[in-house]
Amino acid sequence: MSEGHDLELLIKSHHPIILIESHEEPRMLQLISRIGIKQYKPVYRWSITDGLKRQDIDLGSGDDKADEEEVLWKIRDGQNEGIYVLCDYHPYLTKPLLIRLLKDIALAHEQSKITLVMLSHRITLPPELSRLAASAKFSMPTRAELENIVKETAREWRQRHKQSVKTDQESFNLLIQNLSGVTTEDARRLARTAIFNDGSISASDIPMVMKAKHNLLRGDEVLSFEFDTARFSDVGGLSRLKGWLEQRKPVFHGEADAASLDPPKGIMLLGVQGGGKSLAAKAVAGLFSVPLLRLDFANIYNKYHGESERNLRESLSTAEAMAPCVLWIDEIEKGISTGSSDGGTSQRILGTLLTWMAEKKQPVFLVATANDIERLPAELVRKGRFDEIFFVDLPDKAVRQEIFAIHLARREQDVTRFNTAVLAEMSEGFSGAEIEQAVVSALYATHAQGSTLENHHIEEELLGTRPLSVVMYEKVDYLRQWASERTVPAG
Ligand SMILES: Nc1ncnc2c1ncn2[C@@H]1O[C@H](COP(=O)(O)OP(=O)(O)O)[C@@H](O)[C@H]1O
Ligand SMILES: [Mg+2]
């Protein structure tokens, strides 16, 4: 394995500080010890709980407790050549004294031959140190290695239970595909998750593996795994959008022998609130039969300066690790407004997103939704960014009829008992969300009275509602005009 190769080179090439971001501390420590032995350098390990200790050989433990400050004084003043691994030092990187001590050690590197290795799941170096540091990258297991991991895990189960693990080729392949992008140790854990619950690898294990993998990759709120996708049969109208997607589904999955066709990149759904954009975004994942990841732009902004772009980059690479998938950014304008009051952060976030969109290689289909065009940066809606920008207009009469039928049926009402044509006639200017609301309110009202739902109940609700398109006529009108020049209709 050439896993440690990079790291070895980094240590040899005299970088005073080396960063390793990894969840696999034991494996990394092993690796570093091996490098130390090869290079005739002692390896020390520090953590706040154990203090400073020799890592490569066991010298019996003296009293070497040292806190985050003492350890740096010891290393700095001791001048003992070696590799010093600081495990989970990242929380302390805010104190000026500690930063200066680290810098002292790094600057003396040529004479002292001291290499500092910072090993954490995640590290952000203060600018004073970042130019003195290099980060080591570790490659993820290959497909063949993943297959071995799953087979080994299956063998382990068989030995324990004296029977074979049940599986079929398709589920096996699906599991391997879903394990890509994680480290060896995590792949092993996930394989156990799939196999050890019931001694089989089946299609039903996949969502659980995806979820667990997702949690491993990202412990935070920026990117979330959405269990609920939708079907296009739940969505009234948007027939052009649906046709467009259906045409591209085989190419997205790399099935069509269509080398001349560009793989679909993504779409933007633009339109009035309540028109079913979010619902449609979920239905894209349902139609493509791939997982749905939701990227929350509002949560990308982080209190640490410079962290937001990194947050976004990490989320995007997680999405790539989970490909094929749909990446959904709801109300994208909220994350990248055109205002410049934030010192350019949103501009850089936008830049990061655009670069990724242009360069991504994995089948990650981006679906962005937006309500407010005034806050949408022009760069984002320029031709060629998205494959298409669809305008989700208010439903016409036929579509409104469809939406009534969908929501009545969803609430166990016999649609044939209703005159949906009349309801559609009366709901001119209503959005899908408002139609749903009318059905729900009418159901509540009849439930309270102990009666069954009739047409007139819903009609009364409609008469008592002033839809958004009426209340905010000018805004909707402006949106329509804007869209007519720049977008294609989704319906
Ligand atoms: N075209 C539609 N067909 C069926 N239901 C719809 C439609 N549009 C809206 N709805 C209902 O309204 C809810 C809210 O719509 P949503 O997708 O959040 O709208 P948007 O994202 O455009 O603001 C949906 O979950 C769905 O129940
Ligand atoms: Mg929405």
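Author: pLDDT is the predictor's confidence in each residue, on a scale from 0 to 100. The protein chain here is a predicted model, and its pLDDT averages 87, with 92% of the residues scoring at least 70.

Reader: How many helices and strands does the protein chain have?

Author: Helices (H or I, at least four residues) and strands (E, at least two) are DSSP runs, numbered from the N terminus. The protein chain has 21 helices and 15 strands. Its C-alpha atoms fill a box of roughly 85 × 65 × 55 Å along the principal axes.

Reader: What share of the residues is buried?

Author: A residue is buried if 20 or more other C-beta atoms lie within 10 Å of its own, exposed if 12 or fewer, and partly exposed in between, with C-beta atoms placed from the backbone. Of the 491 residues in the protein chain, 35% are buried.

Reader: How do I read a helix such as α16?

Author: An α-helix has 3.6 residues a turn, so residues three or four places apart point the same way. The expected span of a helix is 1.5 Å times one less than its number of residues. Helix α16 (residues 397-410) has 14 residues and reaches 20 Å from its first C-alpha to its last, close to the 20 Å expected. Its buried residues include Val 399, Ile 403, Phe 404 and His 407. The buried residues of α16 pack against α17 and α18 (432-449); two residues are in contact if their C-beta atoms, placed from the backbone, lie within 7 Å. After α16 comes Glu 412, with a positive phi near 55 degrees.

Reader: In which order do the strands of the 7-stranded open sheet stand?

Author: Strands of a sheet pair through backbone hydrogen bonds, either parallel or antiparallel. Two strands count as paired if DSSP finds at least two bridges between them. The order in the open sheet is β9-β11-β12-β13-β10-β14-β15, with mixed pairing. β9 (223-226) and β15 are at the edges, each with a single partner strand, so one side of each has no neighbour in the sheet. β11 in turn runs parallel to β12 (residues 325-329) over 3 bridges, with Leu 292 opposite Val 326.

Reader: Why is β14 described as largely enclosed?

Author: 4 of the 5 residues of β14 (residues 388-392) are buried, so the strand is largely enclosed by the rest of the structure. β14 is parallel to β10 (residues 266-271), with 5 bridges, and Leu 269 has Phe 390 as its bridge partner. β14 also joins β15 (residues 488-489) by 2 bridges, again parallel, and Phe 391 stands opposite Pro 489.

Reader: Which strands does β1 pair with?

Author: β1 (residues 17-21) runs parallel to β5 (residues 114-120) over 5 bridges, and parallel to β6 (residues 133-135) over 3 bridges. Ile 18 stands opposite Val 117 in β5 and opposite Ala 134 in β6. β1 is mostly covered, with 4 of its 5 residues buried.

Reader: Which residues are closest to ligand 1?

Author: A residue is near a molecule or strand if its C-beta atom, placed from the backbone, lies within 6 Å of it. 18 residues surround ligand 1, and the closest are Gly 276, Lys 277, Ser 278, Gly 432 and Ala 433. The elements giving two or more residues to this shell are α12 (277-288), α16 and α18. By class, the shell has 6 nonpolar, 10 polar and 2 charged residues; Ala, Val, Leu, Ile, Met, Phe, Trp, Tyr, Cys and Pro count as nonpolar, Asp, Glu, Lys and Arg as charged, and the others, Gly among them, as polar.

Methods. Residues are numbered from 1 along each chain as its sequence is written. Chains are lettered from A and ligands numbered from 1 in the order in which they are written. This is a predicted model: local features need pLDDT of at least 70, side-chain atom pairs count only at pLDDT 80 or more; totals for chains, interfaces and linings use all residues.
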